[in-house]
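Here's a quick tour of a few local features, with the cut-offs given along the way. Have a look at the structure first.

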Amino acid sequence: MYLLVDLKNPKTNTKTAGFTPEERQDFTELLEESFVDTFRHLYPDLAGAYTYQFNARAKNTGWRLDYFVVSERLLPHVTDVVIRKEVFGSDRCPLVIGLTDHTHKRRTNPELIGYH
């Protein structure tokens, strides 16, 4: 996780594994090498979009720990990224990516999930 919006309580977690300044910088550097965080590309400012919510789904508290990172070359084929918060069975919410085999206009459907 690399953005403050990807964590419910960023100020109190800067020394927590997964959100240290060093880890965030490393992920930022990866993205600068022609890779794209597809969810943040499609939803740059959306808060409350967490994939890890250990016993905290009711309060929508958590972390966005799961990503689909693609090359810039593949990005035009990404149609949507969906966090399936309504799927239970784990402390993680499944993440689904929509892809097409041709350049496609982005299709986002806020009705599919509760996070957009």
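## Around Thr100

Leaving out residues up to four places away in sequence, Thr100 touches His77 and Thr79 (contact means heavy atoms within 4.5 Å). Thr100 sits in the segment after strand E4 (95–99); strands are DSSP runs of E with at least two residues, helices are runs of H or I with at least four, and both are numbered from the N terminus. With 17% relative accessibility, Thr100 counts as buried (under 20% relative accessible area; exposed is over 50%, partly exposed in between, with a 1.4 Å probe and protein chains only).

## Ground rules

This is a predicted model, where local features need pLDDT of at least 70, side-chain atom pairs count only at pLDDT 80 or more, and totals for chains, interfaces and linings use all residues. Residues are numbered from 1 along each chain as its sequence is written, and side-chain values use heavy atoms, with hydrogens and water left out.

## Aromatic pairs

The whole structure has three aromatic pairs (Phe, Tyr or Trp rings, six-membered ring for Trp, with centres within 6.5 Å; planes under 30 degrees apart are stacked, over 60 edge-to-face, the rest tilted). One of them is edge-to-face: the rings of Phe19 and Trp63 have centres 6.3 Å apart and planes at 80°. That pair links distant parts of the chain, 44 residues apart, and both partners are buried. Phe39 and Tyr43 make a tilted pair, at 5.1 Å centre to centre and 45° between the planes. Phe39 is buried at 2% relative accessible area, and Tyr43 is buried at 10%.

Ser34 isn't a glycine, yet has a positive phi of about 75°. Ser34 lies in the loop between H1 and strand E1 (35–37).
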